[in-house]
Amino acid sequence: MRPVLIRGGRVIDPSQGYDAVSDLLVVDGRIAGLGQGLGAPDGAEVVDARGKVVSPGLIDLHVHLREPGREDVETVATGARAAAAGGFTAVCPMPNTDPVTDNQAAVGFIVKQAQAAGAARVYPIAAVSMGQKGQQLSEFGELVGAGAVAVSDDGHPVASSHLMRMALSYARTFDIPVADHCEDPTLKGNGVMHEGLVSTRLGLCGIPAAAEEIMVARNLLLADLTGGHIHLCHMSTRGSVELIRRAKDKGVRVTAEVTPHHLTLTHEACEGYNTNAKMNPPLREAADVAALRAGLKDGTIDVIATDHAPHHYDAKEREFDDAPFGIVGLETALGLGLTELVQGGVLTLPELIDRMSAAPARVFQLPGGSLQRGAPGDVVIVDPEARWRVDPSTFLSKSRNTPYDGRELRGLVDRTIVAGLTVFRGKAC
Amino acid sequence: MTERFLGKDLLCLEPLTADQIRFILDTAEPFKEVSERTIKKVPTLRGKTIVNLFFEASTRTRISFEFAEKRLSADTVNVAASGSSVEKGETLVDTARNLEAMRIDMVVMRHPSSGAAQFLADRIRSNVVNAGDGTHEHPTQGLLDLLTLRDKFGRIEGLKVCICGDILHSRVARSNIWGLLKLGAQVAVCGPVSLLPLGIEDLGVTVFRRIEDAIQWADALNVLRIQLERMHAGFLPSLREYNRVFGVTVERLEKAPRDLVILHPGPMNRGVEIDSRVADGPHSVILGQVTNGVAVRMAVLYLLAGGRPEMAEAAKGRSGEASE
């Protein structure tokens, strides 16, 4: 394997508070040096990164790769390639596959498919309960042994408080987080969008903010009770942010994520019955977006995760009630972060990189997210000034369901390196 | 005709201007007379093909549209969801495109999903008339209610109209709210809070939680049907209690400072939201609504086909006038 010397970029490594124009050396798949004026070892590939930002590869704690079951809309391989194109060097797929990822063979299959793809790393999340039915715990020990890094019944939220308590307690044995899609199923009901003025006008059944907040509150209480690590998926309401803030002050083991779309869109995106604005949790109000941004800034919310949810064109080309929830996000997340959050003055560039690399690595205890010597050689090189227009037809993902079609963004991935190997090269390279 | 008066479709009243609504109502006036003739037929839409696509059960609205079409001499086809390709899993857009491939001119659609009419209109070239989409809007019902109120009071502006019942699930309520507000009426809603949508006040309507207060305030009540399903879904304890708390009864109306005009979009649950003596009483305009429904729908079809409001009277007499 050729060593790689990345020369002259602005290297930002939030894991060690580093931000300086310097060189970065990757040897044998690991970070071997960081500093000014590094010499190129024999046979090294030298990458000119002047004017570019060099950072740890991004890590996405929440994606849906649809394999096995819906290989027509995404596979582990296409998802891992889409991830690399978006600057991600590792992703964590949710277990709501068909069959459900609730046993060691299923986890092993995803790991094997990811190895064959040779793009971004894939760390599976396994199901909390057998078949995600919310009744019997799955075998966390074997799942972790096969490569699972967390458990979640995402897509089928854990309704039973008893089961959630047991999951949080039992997960402590293996020191893994329980990730929950916080939703009271009876309050969600037949809801298809945020309950508010827009749903009233459009005549669509609403999902109140309380449907999420009740389960956030429950999960925080159970994490406090058990000492387990609860990871709250895709937070969407200002009330949730406030609940998490108070729990963190109290010392509860809680981490939380927010998606790029909940940071950049409101329920008004559903106007015209736009099914690419239909997601769960739903897009909410401007005050929620503001609170989520503030929570991400002050650390109440730890990470940005995409909830990348590929769906077939035909599935979204339907009546709003009948279209599935979710959008793809891997290939727009960084551009949205750079444009809306960094250019928009919400986060500094090092803060954005932290929330997308160092912080997710810490939350799920994953390798990566750092440029310290000996860390995995997972690096992303970004042209922070490049302007581009979102064109879903160019996505490496198999699916195109995005509400950002045509949006102009600033900041484009130049190169993605996993374990010292270039797995994605932008057009400019 | 150089310029379409209404655009391609009639999907909802929310985006219409007061002038557009007023012109539809004015256009309906000359069409009222057609239904009073011995031979109830004018050649206005001769040669036009209209498909009535009903994905939800409907008697009144479907028949009203069909009469409107036939009295304008259009060729009509009725498609119901049951027994059609929809039952075989065909998507809405495929159904519509197949119909369009047979060279139709208009689709009148009733559908259980909010936004379905717009979805269809965005994807086919034919004119689309929304005959009720989910809990969104039912624009021709809103228009016929406006026409009926205007007949009765001679104006809409300044009228106090209260819509009573299940506002949350009512497309009739939404169309009425927009239409009335645009024409300058004062609008209120009254019903159990569990059946009022969030943020309804922000649309510019007053909320009454007690029917007695609504009756004190209003010039007219538009009484909505309470569906049995709402009780099963937990929105209401029982229809019996609904009648006791919210039922529009003679006893309650007698306490009003003035005679209230009573509308109901039908079908009525006598003894639930409205008592028979009210429904059949001297101030009920419920059957007048049904009569006006045909004229309003004739007006809408005529205008969408490219007709001008000021030409409606003349158009009744001659053929070809309404073509684009």
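1. A residue is called buried if 20 or more other C-beta atoms lie within 10 Å of its own, exposed if 12 or fewer do, and partly exposed in between, with the C-beta atoms placed from the backbone. Helices (H or I, at least four residues) and strands (E, at least two) are DSSP runs, numbered from the N terminus.

2. The model is predicted: local features need pLDDT of at least 70, side-chain atom pairs count only at pLDDT 80 or more, and totals for chains, interfaces and linings use all residues. Residues are numbered from 1 along each chain as its sequence is written, while chains are lettered from A and ligands numbered from 1 in the order in which they are written.

3. Helix α12 (residues 333-342) of chain A is largely enclosed by the rest of the structure, because eight of its ten residues are buried. Among them are L334(A), L336(A), L338(A) and E340(A). The buried residues of α12(A) pack against several elements of chain A, including α13 (349-363), β17 (379-389) and β18.

4. Strand β18 (residues 408-418) of chain A runs antiparallel to strand β19 (residues 421-425) of chain A, and four bridges join them. Strands pair if DSSP finds at least two bridges between them. I417(A) has T422(A) in β19(A) as its bridge partner. Two residues lie between the strands of this hairpin, in which A419(A) takes a positive phi near 50°.

5. Between the chains, 21 residues of chain B are in contact (C-beta atoms, placed from the backbone, within 7 Å) with 17 residues of chain A. On the side of chain B that touches chain A, the elements giving two or more residues are α3 (92-101), α4 (116-121) and α6 (171-182) of chain B. Of these, α4(B) gives the most, with three residues.

Conventions. Two residues are in contact if their C-beta atoms, placed from the backbone, lie within 7 Å.
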